[in-house]
Amino acid sequence: MEMDLNINVRDKGDARIIDLTGEVDAYTSSRFREVMVELIDDGNIRLIVSMAKVEYIDSSGLGALVGGLKRISEKDGKIVLVCDQPQVLKVFEITGLEKVFPIFPSESEAIEAVSG
């Protein structure tokens, strides 16, 4: 059974927050990538990806994040993640990506980090 991914974008000061709900996998990661690319190309260089409601992420989801990071880094921007889901955090730890992406347990901490 395919779980869908809901993507919601909202403003918080000079940052844009991408709220993800569901699964970020081979079926849904291209939509997530398109949203990130569009935001970055529109000049949004402070992105917070909230994964508080993500139940599952696979390598294609991680690839979308890394692609977004490369693109935003070219514009001297920043991507930070909000995640307190143990099963999702474990994927970042196993792949070593917790060293690449700043990951915060709360949205307020992520906003502070991206704005500071």
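Me: What is the mean pLDDT of the protein chain, and how many of its residues reach 70 or more?

Reply: The mean is 95, and 97% of the residues reach 70 or more; pLDDT is the predictor's confidence in each residue, from 0 to 100. This is a predicted model, in which local features need pLDDT of at least 70, side-chain atom pairs count only at pLDDT 80 or more, and totals for chains, interfaces and linings use all residues. Residues are numbered from 1 along each chain as its sequence is written, and side-chain values use heavy atoms, with hydrogens and water left out.

Me: Why is leucine 47 called buried?

Reply: Buried means under 20% relative accessible area (1.4 Å probe, protein chains only). Leucine 47 has 0%, so it is buried.

Me: Where does leucine 47 lie, and what is it in contact with?

Reply: Leucine 47 lies in strand β3, residues 46-57; strands are DSSP runs of E, at least two residues, and helices runs of H or I, at least four, numbered from the N terminus. Contact means heavy atoms within 4.5 Å. Leaving aside neighbours within four places in sequence, the contacts of leucine 47 include Ile18, Met36, Ile72 and Val80.

Me: Which residues touch the most other members of the largest nonpolar core?

Reply: They are Leu20, Phe32, Val49, Met51, Leu65 and Phe92, out of 25 residues. A nonpolar core is a set of buried Ala, Val, Leu, Ile, Met, Phe, Trp, Tyr and Cys residues joined through side-chain atoms within 4.5 Å. Elements that each supply at least two residues of this core include β2 (15-24), α1 (29-41) and β3.

Note on methods: Buried means under 20% relative accessible area, exposed over 50%, partly exposed in between (1.4 Å probe, protein chains only).
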